[in-house]
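Hello,

Here is the structure I promised to pass on. Please have a look at it first, and then read my notes below.

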Amino acid sequence: MKKILTITLILTALIIASTLGFAKYIGNTYVYGKSAAMDTLLNFLRITHAMQLEPLEEEELKALAIIADEMKKLAYSEDTDSFQVSYMEKKYNNIIRSVPVKEGDKAEAIPVLMYHHLLYDEENTYIDNDSVITVESFAEQMKLLHENGYRTITLNELEAFLIGDLELPKKTVAITFDDGYLSNIAYAYPILKEYNFKASNFIISHKLKEITEEFDPYQLQYLGWKDMVDTLDVFTYDNHTHDLHRVEDHKGYLVIKPLEEVVRDLSMNMELMGSPYFAYPYGQYNTHTLQILERLGMRMAFTVKRGHVKPGDDLLQLQRYGICPKTTIEDFKKIIDLH
Ligand SMILES: [Zn+2]
């Protein structure tokens, strides 16, 4: 009883502390559709503001660890026939493939590409939405990578590279998708498979369906457990929050919700996906988020700040290149260092 009371007191104190703490967090105005330079500036401001937050006390972190443990027990489905169980059995492909690297061909830094939704040009009713690119553009970009001898790596391999355990040739990229749209299965998967490419898909796990819907390009659909089981030869499935991929006044729930809610959500997300890798919704986070991710054992986290990643980078603040409708093939060549 005394223990429950103590935990309740700590949690109440936490909520009050986090509310006061977040009041100082004012520079957060990210919306999709800004230019790359604006993205970089906003991210710089966001990180600067985030750094003004007080770090969490040891007591607070202990209380959060208790919540995380509770969530782990809840994540597994009781239903033994479900695709969730099949996913759990097959899931993470953590084989690290090494590749001979010739003298002078060692990559110092590599680009991580970020995609969202894909539609054929004739189906695309999203005008000026930076998160929707055409299948035609995506196919052209993948063909360019293939024809120029690029190799794609998994997030496991990327992590090994970033901690200095794996050498990679210069023509290496990592491909990521955010949000887990069904279009990634319908359109991106066959193209990636044709070239034997690997990609990561950051999933909002509460959106996952047990049985897949038929793909309809005129609806915004999310993929399901069965899709994940069927496409593990190309994709790994990673974390994008369980149900915090939402905004209020341009501020992501990840940075405005009480800390114990964040811990609850991320623990559930990690358990369901079976992955230690994360992408920040809308690229938003603060020092509390970083501390929580570290405590939960999240080993890499991706922002939307543009730039290559290299050994020595902060693994919880990794950069990516958002590929949007305005990205020309010339822009794409620059990103992948193809001259
Ligand atoms: Zn997202």
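**Helix packing and the core**

In α3, the residues L64, I67, A68, M71, K72 and L74 meet L259, E260, V263, R264, S267, M268 and E271 of α10; contact here takes C-beta atoms, placed from the backbone, within 7 Å. By class, this contact has eight nonpolar, one polar and four charged residues (Ala, Val, Leu, Ile, Met, Phe, Trp, Tyr, Cys and Pro count as nonpolar, Asp, Glu, Lys and Arg as charged, and the others, Gly among them, as polar). Helices are DSSP runs of H or I, at least four residues, numbered from the N terminus.

Please bear in mind that this is a predicted model: local features need pLDDT of at least 70, side-chain atom pairs count only at pLDDT 80 or more, and totals for chains, interfaces and linings use all residues. Residues are numbered from 1 along each chain as its sequence is written.

Helix α3 (residues 58-74) also meets helix α11 (residues 287-296): their axes, lines fitted to C-alpha atoms over the stretch in contact, come within 11 Å and cross at roughly 55°. That contact is made by L61, L64, A65 and A68 of α3 with I292, R295 and L296 of α11. Six of these residues are nonpolar, none is polar and one is charged.

I292 turns up again in the largest nonpolar core, which has 79 residues; V112, L113, A174, I292 and A301 touch the most other members. Such a core is a set of buried Ala, Val, Leu, Ile, Met, Phe, Trp, Tyr and Cys residues joined through C-beta atoms within 7 Å, buried meaning 20 or more other C-beta atoms within 10 Å.

Best wishes

Note on methods:
Buried ≥ 20, exposed ≤ 12 C-beta atoms within 10 Å, placed from the backbone. Axes fitted to C-alpha atoms, helices over the stretch in contact; angles between N-to-C directions. Helix = DSSP H or I, 4+ residues; strand = E, 2+ residues; numbered from the N terminus. Contact = placed C-beta atoms within 7 Å.
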